[in-house]
Amino acid sequence: MIATRERGRSRLRQELPREAEPPRLLGNLARWLWLGVGVLALLLFFSLAGDDWFTIVNYCLIAAIATLALNLLSGYTGQISLGLAFFMGLGGYTAALLGGNPPQGALDPWGLGLPVFIWLPAAGLVAALVGALIGPSALRLRGFYLGIVTLALVFIGNYLFRNLNFITGGPQGRNFPVPAFGGFSLDQQNSIFGIALTSGQQYFLLILVILLFSALFVYNLSRSRVGRAMRAVRDHEVGAAIMGVNLFEVKMGAFVLSSFLAGVAGALYVSYARYVIPDYWSLSLSIQFVAAIIIGGIADVWGSILGAAFVFALPQVIDYFSLLPPSTGGGGLSSGDLNALLYGLLIIVFLLFEPGGVIGLVRRLRPGGPRLQAAGASANAGAATLKEGGESIEVVDLQQRSSGPDEGQGRRGTGAS
């Protein structure tokens, strides 16, 4: 327990542990080198890839945004959720309602024809608002029961999506809007600075920028005090509450932010696919994202991206290269079947032997081994130096509990918070 004196007044305060805090994004030369390699790879891909590869990668990037959304709620905060498909569907149909073309007939679904600057953020905001309305009730539950509640959201959403014909188009689906910036519509080839860009290249740039902002937001959030509070809630709710963490605020914040990112991902997906039926937002989609965070790496930004690439891009790559013999309907193995088998096998393997997923395995095998922040050492030190917020504090009482005869002894020191 740490009691602190701040600006002449004493108050009891517990500092959240910085254990396993993600390292700085570009904290050493190796990371800068990897960034350069990544940028070079993106430039080569952008210059040389064909439309088929842009289709695969663009869907993968959209899936990475949705995987980040689930990782924020389930990975960082530990709240089990199977309702991601519901919030993606909300975002998609919000985009359709706001950005779709006005109806030409009585049976056509509604559309207001608003620009992308409105319908894309609105898709995230509506999903976040619904998440804020559902959250207070759903987050009163934990573990298995919370998973069941979020599972019910998928079934409720699927029923609504099938029957709200004026928005969703009913079971047969509807068309979705294409992002347009002034006279540039992303569904056709445009010339920017004298360079002709295909529709796939333009979508790639748009989705990549949104993914980068989403990843940086989640990464910085995970390194902040809020991120440490999320991990404290995930690891031990009672302990987090004793340390002063407001469990409701942390859970609600994660739920709303996750819903927002899922809504944006849903809007991008329907915009790129152009036509989607309500059956797409099913439980199977939610389970795929759960598989993505387990295989890629729980509570890790790079793990989210790797997991999305493995789960959503690998089947398309297998189909593209025709790596499997064509199924004849008599028991042949399709890419979807192989994908399902790999999901199950890899989930079991990673849960048993490498809970950190692919990104955890990479860190384990790299030279120098896994890099963890050395936190908790301050408990054995006589003085603690705490840096957070910029205001100086004075530690007036620091106690270390032990089973020896020195139990209960207090230590004094100074530090900064």
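**Entry 1. Salt bridges**

I count as a salt bridge a side-chain nitrogen of Lys or Arg within 4 Å of a carboxyl oxygen of Asp or Glu. The model is predicted, so I took local features only at pLDDT of at least 70 and side-chain atom pairs only at pLDDT 80 or more, whereas totals for chains, interfaces and linings use all residues. Residues are numbered from 1 along each chain as its sequence is written, and side-chain values use heavy atoms, with hydrogens and water left out.

I searched the whole structure and found 5 salt bridges. One of them joins Asp-235 to Arg-234, with the closest N and O atoms 3.0 Å apart. I then looked up how far each partner is covered, taking buried as under 20% relative accessible area, exposed as over 50% and partly exposed as in between (1.4 Å probe, protein chains only). Asp-235 has 54% relative accessibility and therefore counts as exposed. Arg-234, at 30%, counts as partly exposed.

I next examined Lys-251 and Glu-237, whose side chains meet in a salt bridge at 2.9 Å, N to O. This pair links distant parts of the chain, since Lys-251 lies in helix α10 and Glu-237 in helix α9 (residues 237–242), 14 residues apart. Helices here are DSSP runs of H or I with at least four residues, strands are runs of E with at least two, and both are numbered from the N terminus. Lys-251 is buried, at a relative accessible area of 6%. Glu-237 is buried as well, at 15%.

I also noted the salt bridge of Arg-364 with Glu-354, where the closest N and O atoms are 2.8 Å apart. Arg-364 belongs to helix α14 (residues 357–365), while Glu-354 sits in the loop between α13 (335–353) and α14, 10 residues apart. Glu-354 counts as buried because its relative accessibility is 8%.

**Entry 2. Aromatic pairs**

I searched for rings of Phe, Tyr and Trp (its six-membered ring) with centres within 6.5 Å, calling planes under 30 degrees apart stacked, over 60 edge-to-face and the rest tilted. The whole structure holds 24 such aromatic pairs. For Tyr-59 and Tyr-269 the ring centres are 5.5 Å apart and the planes stand at 45°, so I recorded the pair as tilted. The pair connects distant parts of the chain, with Tyr-59 in helix α2 (residues 51–76) and Tyr-269 in helix α10 (residues 247–273), 210 residues apart.

Tyr-269 is buried, at 15% relative accessibility. Tyr-269 also pairs with Tyr-280, and this pair is stacked, with 4.5 Å centre to centre and 5° between the planes. Tyr-280 lies in the loop between β8 (275–276) and α11 (283–296), 11 residues from Tyr-269. At 28% relative accessibility, Tyr-280 counts as partly exposed. I found that one aromatic cluster includes Tyr-59, Tyr-269 and Tyr-280, together with residues such as Phe-86, Phe-161 and Trp-281.

**Entry 3. Helix α11**

The 14 residues of α11 should span 20 Å, and the end C-alpha atoms are 20 Å apart, so the two agree. I listed the buried residues of α11, among them Leu-285, Phe-289, Ile-293 and Gly-296. Just after α11, I noted that Gly-297 takes a positive phi of about 145°.

**Entry 4. Pro-103**

I located Pro-103 in the loop between α3 (84–99) and α4 (116–138). Pro-103 counts as partly exposed because its relative accessibility is 36%. I took contact to mean heavy atoms within 4.5 Å. Leaving aside its neighbours within four places in sequence, Pro-103 is in contact with Asp-108, Pro-109, Trp-110 and Gly-111. Pro-103 and Phe-166 are 63 residues apart in sequence, with their C-alpha atoms 9.5 Å apart in space.

**Entry 5. The whole protein**

I recorded 14 helices and 11 strands in the protein. Of its 417 residues, 43% count as buried. Among contacts between residues at least 6 apart in sequence, 71% join residues at least 24 apart. The accessible surface, from the Shrake-Rupley method with a 1.4 Å probe, comes to about 21,500 Å², of which 65% belongs to carbon and sulfur atoms.

Technical notes. The expected span of a helix is 1.5 Å times one less than its number of residues.
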